[in-house]
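Morning, everyone. Please look at the model first.

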Amino acid sequence: MRTQVAIIGAGPAGLLLARLLENAGIGVLVLERRSPDYVLARIRAGVLEQGSVDLVDEAGVGARMRAEGLPHDGIEMRFDGDPLRIDFQARTGKRVLVYGQTELTRDLMEARAAAGAASVYAAEDVAIADFDTPHPSVTWRHGGALHAADCDFIAGCDGFHGATRASVPVEAINTFERVYPFGWLGVMADVPPVRDELIYAHHARGFALCSMRSRRRVRCYLQCPLDTDAADWSDERFWDELRRRLDPEIAEAMQTGPSIEKSVAPLRSFVAEPLRFGTLFLAGDAAHIVPPTGAKGLNLAASDVRYLAEGLIGHFRERSQAGLEHYSARALARIWKAERFSWWMTKLLHTFPDDSAFDRRVQRAEFDYLRGSAAAQTALAENYVGLPA
Ligand code: FAD
Ligand code: PHB
(Lines give C-alpha, C1' and ligand atoms only; values in the text may rest on other atoms or scores of the structure.)
(Ligands and ions follow the chains in the order given, each with its own letter.)
Protein backbone atom coordinates (compact mmCIF):
# COMPACT_ATOMS: atom_id res chain seq x y z
CA MET A 1 0.00 0.00 0.00
CA ARG A 2 1.16 3.56 -0.74
CA THR A 3 -0.04 6.98 0.32
CA GLN A 4 1.35 10.50 0.29
CA VAL A 5 0.89 11.39 3.97
CA ALA A 6 0.41 8.86 6.77
CA ILE A 7 -1.35 10.57 9.67
CA ILE A 8 -1.01 8.84 13.03
CA GLY A 9 -3.88 9.70 15.39
CA ALA A 10 -7.50 10.67 14.63
CA GLY A 11 -7.96 13.34 17.31
CA PRO A 12 -8.75 16.88 16.20
CA ALA A 13 -5.19 17.48 14.89
CA GLY A 14 -5.08 14.34 12.73
CA LEU A 15 -8.62 14.69 11.39
CA LEU A 16 -8.30 18.39 10.58
CA LEU A 17 -4.98 17.80 8.80
CA ALA A 18 -6.49 14.90 6.85
CA ARG A 19 -9.39 17.06 5.74
CA LEU A 20 -7.22 20.00 4.63
CA LEU A 21 -4.89 17.70 2.66
CA GLU A 22 -7.72 15.74 1.04
CA ASN A 23 -9.39 18.99 0.01
CA ALA A 24 -6.12 19.81 -1.78
CA GLY A 25 -6.12 16.44 -3.56
CA ILE A 26 -3.37 14.90 -1.43
CA GLY A 27 -3.69 11.22 -0.51
CA VAL A 28 -3.75 10.43 3.21
CA LEU A 29 -3.93 7.38 5.42
CA VAL A 30 -5.27 7.94 8.96
CA LEU A 31 -4.38 5.38 11.63
CA GLU A 32 -6.07 5.56 15.04
CA ARG A 33 -5.44 3.23 17.95
CA ARG A 34 -8.90 3.54 19.51
CA SER A 35 -12.46 2.98 18.28
CA PRO A 36 -14.59 5.89 16.99
CA ASP A 37 -16.83 5.59 20.07
CA TYR A 38 -13.87 5.78 22.41
CA VAL A 39 -12.56 8.90 20.67
CA LEU A 40 -15.98 10.55 20.88
CA ALA A 41 -16.43 9.69 24.56
CA ARG A 42 -13.31 11.66 25.58
CA ILE A 43 -14.41 14.99 27.01
CA ARG A 44 -11.77 17.65 26.56
CA ALA A 45 -11.50 21.25 25.44
CA GLY A 46 -14.35 23.66 24.86
CA VAL A 47 -13.09 27.06 23.67
CA LEU A 48 -12.11 27.92 20.09
CA GLU A 49 -10.12 30.99 19.08
CA GLN A 50 -11.25 32.87 15.97
CA GLY A 51 -8.24 31.49 14.07
CA SER A 52 -9.31 27.92 14.85
CA VAL A 53 -12.90 28.70 13.84
CA ASP A 54 -11.62 30.12 10.55
CA LEU A 55 -9.52 27.01 9.89
CA VAL A 56 -12.48 24.70 10.53
CA ASP A 57 -14.51 26.84 8.12
CA GLU A 58 -11.76 26.75 5.50
CA ALA A 59 -11.74 22.96 5.84
CA GLY A 60 -15.45 23.04 4.95
CA VAL A 61 -16.69 21.50 8.19
CA GLY A 62 -17.86 24.61 10.06
CA ALA A 63 -21.63 24.53 9.46
CA ARG A 64 -22.73 22.97 12.77
CA MET A 65 -20.05 24.85 14.73
CA ARG A 66 -21.40 28.13 13.31
CA ALA A 67 -24.99 27.17 14.11
CA GLU A 68 -24.51 25.71 17.59
CA GLY A 69 -21.31 27.33 18.95
CA LEU A 70 -21.77 30.07 21.56
CA PRO A 71 -19.83 33.29 20.88
CA HIS A 72 -18.34 34.68 24.11
CA ASP A 73 -17.21 38.32 24.37
CA GLY A 74 -15.38 37.93 27.67
CA ILE A 75 -14.77 35.89 30.82
CA GLU A 76 -15.51 36.47 34.47
CA MET A 77 -12.81 36.07 37.09
CA ARG A 78 -12.92 35.88 40.87
CA PHE A 79 -10.02 36.13 43.29
CA ASP A 80 -11.07 35.20 46.83
CA GLY A 81 -14.51 36.52 45.90
CA ASP A 82 -13.38 39.78 44.26
CA PRO A 83 -14.80 40.05 40.74
CA LEU A 84 -13.18 41.07 37.48
CA ARG A 85 -14.58 40.78 33.97
CA ILE A 86 -12.19 40.66 31.03
CA ASP A 87 -13.95 42.19 28.04
CA PHE A 88 -12.43 40.61 24.92
CA GLN A 89 -14.54 42.67 22.53
CA ALA A 90 -13.63 46.00 24.11
CA ARG A 91 -9.95 45.13 24.50
CA THR A 92 -9.23 43.30 21.24
CA GLY A 93 -12.33 43.51 19.01
CA LYS A 94 -12.37 39.70 19.02
CA ARG A 95 -14.38 36.95 20.67
CA VAL A 96 -14.06 33.20 21.21
CA LEU A 97 -16.49 30.42 20.37
CA VAL A 98 -17.59 27.82 22.94
CA TYR A 99 -17.90 24.57 20.97
CA GLY A 100 -16.80 21.24 22.42
CA GLN A 101 -13.82 19.34 21.05
CA THR A 102 -16.04 16.26 20.96
CA GLU A 103 -18.48 18.01 18.62
CA LEU A 104 -15.68 19.25 16.38
CA THR A 105 -14.24 15.73 16.24
CA ARG A 106 -17.67 14.34 15.39
CA ASP A 107 -18.10 16.89 12.55
CA LEU A 108 -14.69 15.95 11.14
CA MET A 109 -15.45 12.22 11.38
CA GLU A 110 -18.80 12.64 9.65
CA ALA A 111 -17.28 14.79 6.90
CA ARG A 112 -14.65 12.11 6.24
CA ALA A 113 -17.30 9.42 6.10
CA ALA A 114 -19.50 11.51 3.78
CA ALA A 115 -16.52 12.06 1.45
CA GLY A 116 -15.91 8.31 1.37
CA ALA A 117 -12.55 8.72 3.11
CA ALA A 118 -11.95 5.92 5.57
CA SER A 119 -9.78 6.04 8.66
CA VAL A 120 -8.37 2.86 10.16
CA TYR A 121 -9.68 2.67 13.73
CA ALA A 122 -8.49 0.11 16.28
CA ALA A 123 -5.08 0.07 14.57
CA GLU A 124 -2.75 -1.74 16.98
CA ASP A 125 1.03 -1.56 17.31
CA VAL A 126 1.41 1.39 14.94
CA ALA A 127 5.12 1.75 14.15
CA ILE A 128 6.98 4.19 11.92
CA ALA A 129 10.28 3.55 10.11
CA ASP A 130 12.88 5.25 7.89
CA PHE A 131 11.66 8.78 8.57
CA ASP A 132 15.28 9.93 8.34
CA THR A 133 15.00 9.10 4.61
CA PRO A 134 12.68 10.32 1.80
CA HIS A 135 10.97 6.90 1.91
CA PRO A 136 9.35 6.44 5.32
CA SER A 137 6.82 3.74 6.08
CA VAL A 138 4.26 2.75 8.68
CA THR A 139 3.11 -0.64 9.90
CA TRP A 140 0.13 -1.60 12.04
CA ARG A 141 -1.94 -4.55 13.08
CA HIS A 142 -5.66 -4.70 12.40
CA GLY A 143 -8.00 -7.62 12.85
CA GLY A 144 -5.05 -9.91 13.58
CA ALA A 145 -3.25 -9.10 10.31
CA LEU A 146 -0.09 -7.02 9.84
CA HIS A 147 -0.39 -4.10 7.39
CA ALA A 148 2.21 -1.75 5.91
CA ALA A 149 2.21 1.44 3.86
CA ASP A 150 4.96 3.44 2.16
CA CYS A 151 4.54 7.20 2.15
CA ASP A 152 6.28 10.52 1.51
CA PHE A 153 5.64 12.02 4.94
CA ILE A 154 4.40 11.00 8.36
CA ALA A 155 2.35 13.38 10.55
CA GLY A 156 2.59 12.48 14.24
CA CYS A 157 -0.80 13.62 15.56
CA ASP A 158 -1.05 10.86 18.15
CA GLY A 159 -1.19 12.90 21.33
CA PHE A 160 1.11 13.08 24.32
CA HIS A 161 1.39 9.30 24.85
CA GLY A 162 1.62 8.42 21.16
CA ALA A 163 4.15 6.36 19.23
CA THR A 164 5.64 8.95 16.89
CA ARG A 165 7.55 11.25 19.28
CA ALA A 166 8.72 8.17 21.17
CA SER A 167 10.28 6.84 17.92
CA VAL A 168 12.65 9.79 17.60
CA PRO A 169 16.19 9.00 18.87
CA VAL A 170 16.72 10.77 22.20
CA GLU A 171 19.79 12.63 20.94
CA ALA A 172 17.72 14.24 18.16
CA ILE A 173 15.03 15.78 20.39
CA ASN A 174 14.95 18.26 23.28
CA THR A 175 12.07 18.28 25.71
CA PHE A 176 11.02 20.92 28.23
CA GLU A 177 8.57 20.05 30.96
CA ARG A 178 6.82 21.34 34.07
CA VAL A 179 4.52 19.08 36.04
CA TYR A 180 2.10 20.88 38.38
CA PRO A 181 1.36 19.53 41.85
CA PHE A 182 -2.39 19.18 41.17
CA GLY A 183 -4.97 18.16 38.59
CA TRP A 184 -8.51 19.11 37.54
CA LEU A 185 -11.56 17.09 38.45
CA GLY A 186 -14.13 17.74 35.70
CA VAL A 187 -17.86 17.12 35.63
CA MET A 188 -20.33 17.43 32.75
CA ALA A 189 -24.04 17.85 33.50
CA ASP A 190 -27.20 18.78 31.64
CA VAL A 191 -28.19 21.94 33.48
CA PRO A 192 -28.15 25.58 32.29
CA PRO A 193 -24.94 27.55 33.02
CA VAL A 194 -25.17 29.88 36.02
CA ARG A 195 -23.82 32.82 33.97
CA ASP A 196 -23.56 33.60 30.26
CA GLU A 197 -19.76 33.61 30.45
CA LEU A 198 -17.11 31.28 31.88
CA ILE A 199 -16.12 31.92 35.50
CA TYR A 200 -12.46 31.35 36.51
CA ALA A 201 -12.17 31.46 40.31
CA HIS A 202 -9.16 31.50 42.61
CA HIS A 203 -9.98 30.27 46.12
CA ALA A 204 -7.87 29.19 49.09
CA ARG A 205 -9.45 25.71 48.75
CA GLY A 206 -8.31 25.59 45.12
CA PHE A 207 -9.15 26.86 41.66
CA ALA A 208 -12.63 26.36 40.17
CA LEU A 209 -13.95 26.85 36.64
CA CYS A 210 -17.56 27.04 35.48
CA SER A 211 -17.60 26.37 31.75
CA MET A 212 -20.29 25.14 29.39
CA ARG A 213 -20.98 23.29 26.18
CA SER A 214 -24.38 24.79 25.37
CA ARG A 215 -27.20 26.72 27.04
CA ARG A 216 -28.30 23.43 28.59
CA ARG A 217 -25.00 21.72 29.40
CA VAL A 218 -22.24 22.74 31.82
CA ARG A 219 -18.65 21.60 32.20
CA CYS A 220 -17.16 22.47 35.61
CA TYR A 221 -13.74 21.83 37.09
CA LEU A 222 -12.15 21.77 40.55
CA GLN A 223 -8.44 21.90 41.30
CA CYS A 224 -7.68 18.59 43.06
CA PRO A 225 -4.70 16.66 44.43
CA LEU A 226 -2.92 14.48 41.87
CA ASP A 227 -3.99 11.25 43.53
CA THR A 228 -7.71 12.13 43.32
CA ASP A 229 -9.95 9.24 42.24
CA ALA A 230 -13.08 10.51 40.46
CA ALA A 231 -14.96 7.53 41.91
CA ASP A 232 -14.55 9.06 45.39
CA TRP A 233 -16.47 12.13 44.27
CA SER A 234 -20.23 11.77 44.32
CA ASP A 235 -22.08 14.41 42.32
CA GLU A 236 -23.26 15.96 45.56
CA ARG A 237 -19.71 16.23 46.90
CA PHE A 238 -18.55 17.85 43.66
CA TRP A 239 -21.32 20.47 43.56
CA ASP A 240 -20.91 21.24 47.29
CA GLU A 241 -17.19 21.82 46.84
CA LEU A 242 -17.74 23.93 43.71
CA ARG A 243 -20.23 26.12 45.61
CA ARG A 244 -17.73 26.64 48.42
CA ARG A 245 -15.18 28.00 45.93
CA LEU A 246 -17.63 30.46 44.32
CA ASP A 247 -19.14 33.60 45.79
CA PRO A 248 -22.48 33.09 47.60
CA GLU A 249 -24.55 34.84 44.93
CA ILE A 250 -23.33 32.52 42.17
CA ALA A 251 -23.37 29.45 44.44
CA GLU A 252 -27.00 30.08 45.27
CA ALA A 253 -28.07 30.69 41.67
CA MET A 254 -26.20 27.64 40.33
CA GLN A 255 -28.34 24.74 39.11
CA THR A 256 -26.90 21.26 39.57
CA GLY A 257 -27.85 17.83 38.32
CA PRO A 258 -26.58 14.30 37.77
CA SER A 259 -23.17 14.12 36.08
CA ILE A 260 -22.91 12.53 32.65
CA GLU A 261 -19.10 12.39 32.83
CA LYS A 262 -16.55 12.79 35.59
CA SER A 263 -12.77 12.53 35.20
CA VAL A 264 -9.42 13.76 36.52
CA ALA A 265 -6.71 15.29 34.31
CA PRO A 266 -3.21 16.11 35.55
CA LEU A 267 -1.77 19.53 34.64
CA ARG A 268 1.43 19.68 32.65
CA SER A 269 3.48 22.03 30.47
CA PHE A 270 5.59 20.26 27.84
CA VAL A 271 7.34 21.19 24.60
CA ALA A 272 9.40 19.03 22.23
CA GLU A 273 11.93 20.66 19.90
CA PRO A 274 12.26 20.49 16.96
CA LEU A 275 8.97 19.38 15.37
CA ARG A 276 10.52 17.96 12.21
CA PHE A 277 12.73 14.88 11.91
CA GLY A 278 13.42 14.28 8.22
CA THR A 279 10.05 13.20 6.82
CA LEU A 280 8.29 13.05 10.22
CA PHE A 281 6.40 16.07 11.58
CA LEU A 282 4.87 16.35 15.05
CA ALA A 283 1.67 18.36 15.62
CA GLY A 284 -0.76 18.96 18.48
CA ASP A 285 -0.41 17.19 21.82
CA ALA A 286 2.26 14.88 20.34
CA ALA A 287 4.49 17.97 20.29
CA HIS A 288 3.33 20.00 23.29
CA ILE A 289 1.03 20.11 26.29
CA VAL A 290 -0.35 23.15 28.09
CA PRO A 291 -2.27 23.21 31.36
CA PRO A 292 -5.92 23.84 30.37
CA THR A 293 -6.27 27.13 32.30
CA GLY A 294 -5.67 29.23 29.17
CA ALA A 295 -7.90 27.07 26.91
CA LYS A 296 -5.02 26.78 24.43
CA GLY A 297 -4.44 23.03 23.83
CA LEU A 298 -6.91 22.50 21.01
CA ASN A 299 -6.16 25.90 19.50
CA LEU A 300 -2.44 25.16 19.34
CA ALA A 301 -3.21 21.85 17.66
CA ALA A 302 -5.21 23.81 15.06
CA SER A 303 -2.43 26.34 14.38
CA ASP A 304 0.17 23.54 14.04
CA VAL A 305 -2.12 21.86 11.54
CA ARG A 306 -2.58 25.10 9.59
CA TYR A 307 1.20 25.51 9.21
CA LEU A 308 1.80 21.85 8.44
CA ALA A 309 -0.99 21.68 5.86
CA GLU A 310 0.40 24.80 4.16
CA GLY A 311 3.86 23.22 4.08
CA LEU A 312 2.64 19.89 2.69
CA ILE A 313 0.35 21.51 0.12
CA GLY A 314 3.28 23.74 -0.96
CA HIS A 315 5.42 20.64 -1.37
CA PHE A 316 2.96 18.57 -3.38
CA ARG A 317 1.42 21.35 -5.46
CA GLU A 318 4.30 23.74 -6.10
CA ARG A 319 7.35 21.67 -5.24
CA SER A 320 8.17 24.38 -2.69
CA GLN A 321 10.04 23.27 0.42
CA ALA A 322 9.81 26.61 2.25
CA GLY A 323 6.69 25.79 4.29
CA LEU A 324 8.03 22.44 5.46
CA GLU A 325 11.45 23.92 6.22
CA HIS A 326 9.93 26.64 8.37
CA TYR A 327 7.23 24.51 10.00
CA SER A 328 9.11 23.75 13.19
CA ALA A 329 10.33 27.29 13.90
CA ARG A 330 7.01 28.86 12.92
CA ALA A 331 4.93 26.54 15.07
CA LEU A 332 7.31 26.70 18.04
CA ALA A 333 7.21 30.52 18.10
CA ARG A 334 3.46 30.36 18.63
CA ILE A 335 3.65 27.34 20.96
CA TRP A 336 6.03 29.03 23.40
CA LYS A 337 3.80 32.10 23.66
CA ALA A 338 0.83 29.87 24.46
CA GLU A 339 2.97 27.93 26.95
CA ARG A 340 3.85 31.20 28.66
CA PHE A 341 0.23 32.35 28.81
CA SER A 342 -1.09 28.97 30.04
CA TRP A 343 1.59 28.82 32.75
CA TRP A 344 0.79 32.41 33.78
CA MET A 345 -2.98 31.80 34.00
CA THR A 346 -2.30 28.63 35.99
CA LYS A 347 0.01 30.45 38.40
CA LEU A 348 -2.43 33.35 38.81
CA LEU A 349 -5.47 31.24 39.61
CA HIS A 350 -4.40 28.04 41.39
CA THR A 351 -3.49 27.41 45.00
CA PHE A 352 0.05 25.98 44.99
CA PRO A 353 0.57 23.75 48.02
CA ASP A 354 4.21 24.82 48.47
CA ASP A 355 3.69 28.56 48.05
CA SER A 356 5.07 30.72 50.86
CA ALA A 357 3.18 33.65 52.38
CA PHE A 358 5.32 35.87 50.12
CA ASP A 359 4.27 33.91 47.01
CA ARG A 360 0.61 34.27 47.99
CA ARG A 361 0.95 38.04 48.45
CA VAL A 362 2.60 38.36 45.02
CA GLN A 363 -0.20 36.27 43.49
CA ARG A 364 -2.77 38.59 45.03
CA ALA A 365 -0.81 41.63 43.80
CA GLU A 366 -0.86 40.13 40.29
CA PHE A 367 -4.65 40.00 40.41
CA ASP A 368 -4.92 43.53 41.87
CA TYR A 369 -2.63 44.81 39.11
CA LEU A 370 -4.79 43.09 36.51
CA ARG A 371 -7.89 44.64 38.05
CA GLY A 372 -6.45 48.13 37.96
CA SER A 373 -4.68 48.07 34.61
CA ALA A 374 -6.32 48.29 31.20
CA ALA A 375 -2.96 47.31 29.69
CA ALA A 376 -2.79 44.12 31.76
CA GLN A 377 -6.39 43.23 30.85
CA THR A 378 -5.59 43.77 27.17
CA ALA A 379 -2.58 41.47 27.52
CA LEU A 380 -4.76 38.73 29.01
CA ALA A 381 -7.49 39.27 26.41
CA GLU A 382 -5.21 39.21 23.37
CA ASN A 383 -3.63 35.96 24.54
CA TYR A 384 -6.98 34.33 25.38
CA VAL A 385 -8.61 35.19 22.03
CA GLY A 386 -5.42 34.01 20.28
CA LEU A 387 -2.27 35.81 19.18
CA PRO A 388 -1.92 36.45 15.45
CA ALA A 389 -0.79 33.40 13.44
P1 FAD B 1 -5.46 13.99 20.95
O2 FAD B 1 -6.80 14.60 21.06
O3 FAD B 1 -4.84 13.40 22.15
O4 FAD B 1 -5.55 12.91 19.79
C5 FAD B 1 -4.51 11.98 19.58
C6 FAD B 1 -5.10 10.73 18.98
O7 FAD B 1 -4.05 9.81 18.70
C8 FAD B 1 -6.05 10.03 19.94
O9 FAD B 1 -7.26 9.77 19.31
C10 FAD B 1 -5.30 8.77 20.34
O11 FAD B 1 -6.17 7.69 20.62
C12 FAD B 1 -4.45 8.52 19.12
N13 FAD B 1 -3.26 7.72 19.39
C14 FAD B 1 -2.46 7.74 20.49
N15 FAD B 1 -1.45 6.87 20.37
C16 FAD B 1 -1.61 6.27 19.17
C17 FAD B 1 -0.87 5.28 18.49
N18 FAD B 1 0.22 4.72 19.04
N19 FAD B 1 -1.30 4.88 17.28
C20 FAD B 1 -2.40 5.45 16.72
N21 FAD B 1 -3.13 6.40 17.32
C22 FAD B 1 -2.75 6.81 18.53
N23 FAD B 1 -7.58 21.53 26.39
C24 FAD B 1 -8.30 22.59 26.70
O25 FAD B 1 -8.12 23.64 26.08
N26 FAD B 1 -9.27 22.49 27.68
C27 FAD B 1 -9.48 21.33 28.39
O28 FAD B 1 -10.34 21.28 29.26
C29 FAD B 1 -8.71 20.21 28.11
N30 FAD B 1 -8.88 19.05 28.78
C31 FAD B 1 -8.08 17.98 28.49
C32 FAD B 1 -8.18 16.79 29.20
C33 FAD B 1 -7.35 15.70 28.93
C34 FAD B 1 -7.49 14.41 29.72
C35 FAD B 1 -6.37 15.80 27.90
C36 FAD B 1 -5.46 14.64 27.59
C37 FAD B 1 -6.28 16.99 27.18
C38 FAD B 1 -7.11 18.08 27.47
N39 FAD B 1 -7.02 19.30 26.76
C40 FAD B 1 -7.77 20.36 27.07
C41 FAD B 1 -6.12 19.47 25.66
C42 FAD B 1 -6.80 19.27 24.31
O43 FAD B 1 -7.88 18.40 24.43
C44 FAD B 1 -5.74 18.74 23.40
O45 FAD B 1 -4.79 19.78 23.22
C46 FAD B 1 -6.25 18.25 22.05
O47 FAD B 1 -6.98 17.07 22.23
C48 FAD B 1 -5.07 17.99 21.12
O49 FAD B 1 -5.52 17.30 19.99
P50 FAD B 1 -4.59 16.22 19.31
O51 FAD B 1 -5.36 15.76 18.12
O52 FAD B 1 -3.24 16.77 19.14
O53 FAD B 1 -4.40 15.06 20.38
C1 PHB C 1 -13.83 23.52 29.03
O2 PHB C 1 -14.96 23.98 28.74
O3 PHB C 1 -13.61 22.32 29.07
C4 PHB C 1 -12.74 24.48 29.32
C5 PHB C 1 -12.93 25.83 29.11
C6 PHB C 1 -11.92 26.73 29.41
C7 PHB C 1 -10.72 26.24 29.91
C8 PHB C 1 -10.53 24.90 30.11
C9 PHB C 1 -11.54 24.01 29.83
O10 PHB C 1 -9.74 27.15 30.22
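Start with ligand 2. There are 14 residues around ligand 2, and Y200, S211, R213, Y221 and P292 come nearest. A residue counts as near a molecule if one of its heavy atoms lies within 4 Å of it.

Ground rules, quickly. This is a predicted model, in which local features need pLDDT of at least 70 and side-chain atom pairs count only at pLDDT 80 or more, while totals for chains, interfaces and linings use all residues. Residues are numbered from 1 along each chain as its sequence is written, chains are lettered from A and ligands numbered from 1 in the order in which they are written, and side-chain values use heavy atoms, with hydrogens and water left out.

Back to ligand 2. Which side chains put an N or O atom by its oxygen atoms? Y200 does, at 2.7 Å from an oxygen atom of ligand 2. R213 does, at 2.6 Å. A polar side-chain atom of Y221 also lies 2.6 Å from a ligand 2 oxygen. On its own, ligand 2 has 280 Å² of accessible area, and the protein covers 97% of that. Those areas come from the Shrake-Rupley method with a 1.4 Å probe; for residues, only the protein chains shown count as cover.

Which elements build the shell? β14 and β15 each supply at least two residues. β14 gives the largest share, 3 residues. Helices here are DSSP runs of H or I, at least four residues, and strands are runs of E, at least two, numbered from the N terminus. By type, the ligand 2 shell has 8 nonpolar, 3 polar and 3 charged residues. Nonpolar means Ala, Val, Leu, Ile, Met, Phe, Trp, Tyr, Cys and Pro; charged means Asp, Glu, Lys and Arg; the others, Gly among them, are polar.

Now ligand 1. It is surrounded by 29 residues, the closest being E32, R42, R44, Q101 and D285. A ligand 1 nitrogen is 3.1 Å from a polar backbone atom of R33. An oxygen atom of ligand 1 is 2.8 Å from an N or O atom in the R44 side chain. For the Q101 side chain, that distance to a ligand 1 oxygen is 2.7 Å. Alone, ligand 1 exposes 990 Å², and the protein buries 86% of that. Two or more shell residues come from each of α1 (12–23) and α9 (297–318). The ligand 1 shell divides into 14 nonpolar, 7 polar and 8 charged residues.

Next, helix α7, residues 235–245. Its buried residues are F238, W239, E241, L242 and R245. They sit on the same side of α7, because they cover an arc of only 165° around the axis. That arc is taken from the directions from the helix axis to the C-beta atoms. On the other side, E236 and R244 are exposed. Buried means under 20% relative accessible area, exposed over 50%, and partly exposed in between (1.4 Å probe, protein chains only). The cover over the buried side includes β12 (174–189), β13 (199–202), β14 (208–214) and β15 (217–224).

Last, R78, in strand β5, residues 74–79. Buried or exposed? R78 counts as buried because its relative accessibility is 6%. Its side chain makes a polar contact of 2.9 Å with the side chain of E76. Another, at 3.0 Å, goes to the side chain of D247. A polar contact is a pair of N or O atoms within 3.5 Å; within protein, one must be able to donate a hydrogen and the other to accept it, and residues adjacent in sequence count only if both atoms are side-chain atoms. Beyond its neighbours within four places in sequence, R78 is in contact (heavy atoms within 4.5 Å) with residues including Y200, R195 and H202.
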